[in-house]
Amino acid sequence: MALLEVENLTVDIGLSAGVLHAVSGVSFSVERGETLAIVGESGSGKSMTSLAVMNLLPKRAERHADRLVFDGVDLAVAPEARMRALRGNRMAMIFQEPMTSLNPSYTIGNQLTEALRCHRSVGIAAARERAVQLLEKVGIPAALRRLNQYPHQLSGGLRQRVMIAMALMCGPDLIIADEPTTALDVTIQAQILHLLADLKTEFGMTMILISHDLGVVARVADRVAVMYAGQVVESGAARSLFRTPRHPYTRGLLNCIPVPGRTAPGTPLGAIPGQLPNLIGPRHGCAFRERCAFAAPECAGEIPFVAAGPDHHVRCVRAGALEAAA
Amino acid sequence: MTAPAPTGIDAATDALRQVMLATPRRGSALLRRSLGHSGLVAGGVMLVAIVAVALAAPLIAPHDPYNQDLARRLIPPIWHAKGNWEHVLGTDKLGRDYLSRLVFGARISLLIGTLTVLISGTIGTAIGVCAGYFGGRVDAVLSYVVTTRLALPVVLVALASAALVGGSLQGVIVVLGLLLWDRFAVVTRSATQQIARTDYVAAARAIGCSTLRILLSEILPNILNALIVVATLEMAHAILLEAALSFLGLGVQPPLPSWGLMISEGKQYMFFSPWVIGIPAAALVCLVLAINLVGDGLRDVTAPENRD
């Protein structure tokens with residue numbers, strides 16, 4: 001059985017201008033030990049999806065789901081107390097901004113042990129012992145000394161490592177990493193990705209990796225879901241999705257990335273014209289059709305999410321025709 | 001081949017590790033920074049001196065502050081040509097020793113300042129933090145309460161309560177405590193709004209912290225430096241208000257030796273014996289200045305960005 005099953009998840013945010021459909025009809029499942037990457041541009045609803053799973057949405061946002069089950073617990077109806085017992089303990093989150101995700105008033109050791117002492121009855125010494133182990137595990141030298149330091153004494157990369165160690169403190173079943181490398185520079189990004197990949201093989205960690213960076217995703221993910229305007233437009237095993245992208249949006253995204261050896265020097269990189277549609281109010285047809293080079297009249301109708309291969313689904317009525325043309 | 005036996009150095013580092021794990025270091029860095037802050041040191045020395053004098057009042061005071069002697073009324077202080085060492089700061093219109101009254105008066109001022117800030121700080125912080133964290137309707141209702149409070153003049157309320165139950169030390173503390181929380185509420189509300197938006201509060205929710213825990217251990221420590229500044233300002237404010245109320249006859253009643261009351265009683269001798277009004281006024285200025293210096297210094301020293 002999958003660790004996390006999400007079916008037809010919608011998140012609506014009531015604004016004075018109307019209802020903003022931040023997430024509409026998202027379905028996915030994550031097996032144990034698997035890494036699912038959710039990819040999409042800013043505003044595509046990927047962060048909202050992860051917050052909806054944790055039930056940490058802003059107050060104005062409303063969540064509906066046909067099925068939202070985490071390891072046998074129905075999150076859609078779980079009371080807040082039950083959710084609190086799960087958060088941090090069974091499902092943990094790594095945030096995007098390591099510079100602001102740590103409380104400046106407490107030492108690293110204090111914050112690391114907080115989650116553990118919140119959920120388990122362990123003594124200070126035992127909690128600190130575990131904190132030191134995990135800090136060493138995430139590659140922080142002189143871990144014992146770091147415990148007594150404040151967040152501003154650490155660099156961005158170190159802070160993100162601390163955040164990862166913090167997420168691991170209770171040994172959670174599921175880790176949601178919301179753009180964990182976005183705020184870091186490229187060399188540190190690579191180190192953090194290596195670390196996540198190592199931790200995954202070492203602990204058999206299940207992870208949802210949220211990112212807009214396909215390069216990051218290709219290195220870590222087993223399965224990929226591409227989101228556009230609050231919908232999953234294509235999902236499948238990472239290999240098959242990167243090798244044979246079916247949705248015009250996925251193709252566009254892949255064309256934007258220069259590949260060493262394959263992209264000839266001097267050739268312009270691909271770009272997707274236009275911008276994300278307004279998500280306020282009811283919507284009809286494919287959300288991408290206004291920016292799509294292959295749009296046809298039938299794109300304004302209902303778009304089903306259909307199989308496009310083994311473990312590969314796409315939400316595009318033109319996918320078949322496109323495949324034939326290519 | 002067996003594994004090498006642990007050497008003495010290994011055992012020692014292991015022991016050190018155990019000690020470091022069990023005892024998180026605290027305090028020493030804060031102390032070092034505090035001693036480097038001249039304003040805090042100056043204010044702190046003054047404040048500690050005044051507190052010490054207040055605590056040791058029965059030991060220090062040369063005379064009974066309530067003992068009247070009309071034959072020795074209005075003796076000038078020692079620096080005056082007619083002063084004598086029997087009464088270092090002279091006597092008041094009823095012949096009571098002025099130094100003794102000043103020393104006992106410090107107790108009243110500090111007691112009122114501390115208790116008032118404790119009461120009003122608790123009320124104001126609770127209101128401000130709730131309004132700032134929960135927002136929406138809670139914020140609207142609490143902000144309305146704050147606005148209502150701001151519309152009430154403190155002296156008027158004190159006047160009414162003095163008329164109802166009579167002026168007394170307890171009365172002043174309760175009235176000021178229940179009235180001076182507005183600045184606490186306003187400052188903690190906006191500080192809380194800022195902190196509540198930060199990622200580490202979201203992170204705390206993501207590790208399963210309860211709302212109460214977030215309010216107490218994530219938000220409160222981060223608004224503490226704003227709170228300290230307001231608390232010291234309000235303490236000085238409360239001490240001055242007590243003096244004002246006592247001056248008007250609505251606060252502490254004679255024969256208690258309140259500094260405000262001493263100023264009030266001295267006002268009729270202002271032209272011929274200016275020290276009767278000057279001495280308690282100078283004491284009041286010193287106390288308020290000391291408290292404000294300490295407040296400013298504490299804010300500088302405890303601000304998280306100043307930690308090293």
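Leaving aside neighbours within four places in sequence, which residues is I219(B) in contact with? I'm working from a predicted model here.

**Entry 1: I219(B)**
I found I219(B) in helix α11 of chain B. Skipping the neighbours within four places in sequence, I get contacts with V129(B), Y133(B), T192(B), I195(B), A196(B) and I214(B). I also looked up Q193(B), which sits 26 residues from I219(B) along the chain; the C-alpha atoms of the two are separated by 9.5 Å. Buried or exposed? I counted 24 C-beta neighbours inside 10 Å for I219(B), and the cut-off for buried is 20 or more, so I put I219(B) down as buried.

**Entry 2: α11(B) against α13(B)**
I stayed with helix α11 of chain B, residues 211–247, and checked how it packs with helix α13 of chain B, residues 275–302. The angle comes out at about 175°, with the axes 8 Å apart. Angles over 145 degrees count as roughly antiparallel, so that is my label for α11(B) relative to α13(B). From α11(B) I noted L224(B), I228(B) and L240(B) among the residues that meet α13(B); the α13(B) side includes L284(B), I291(B) and R299(B). By class, I have 15 nonpolar, five polar and one charged residue in this contact.

**Entry 3: chain A with chain B**
Next I looked at the contact of the two chains, which takes 30 residues from chain A and 23 residues from chain B. On the chain A side, the elements giving two or more residues are α2 (80–86), β7 (91–94), α3 (108–119) and α4 (124–137). Which of them gives the most? I have α3(A), with five residues. The chain A side sorts into 13 nonpolar, eleven polar and six charged residues.

Technical notes: Residues are numbered from 1 along each chain as its sequence is written. Chains are lettered from A and ligands numbered from 1 in the order in which they are written. This is a predicted model: local features need pLDDT of at least 70, side-chain atom pairs count only at pLDDT 80 or more; totals for chains, interfaces and linings use all residues. Two residues are in contact if their C-beta atoms, placed from the backbone, lie within 7 Å. Helices (H or I, at least four residues) and strands (E, at least two) are DSSP runs, numbered from the N terminus. Ala, Val, Leu, Ile, Met, Phe, Trp, Tyr, Cys and Pro count as nonpolar, Asp, Glu, Lys and Arg as charged, and the others, Gly among them, as polar. Axes are lines fitted to C-alpha atoms, for helices over the stretch in contact, and angles run from 0 to 180 degrees between N-to-C directions. Angles under 35 degrees count as roughly parallel, over 145 as roughly antiparallel, 65 to 115 as roughly perpendicular and the rest as oblique. A residue is buried if 20 or more other C-beta atoms lie within 10 Å of its own, exposed if 12 or fewer, and partly exposed in between; C-beta atoms are placed from the backbone.
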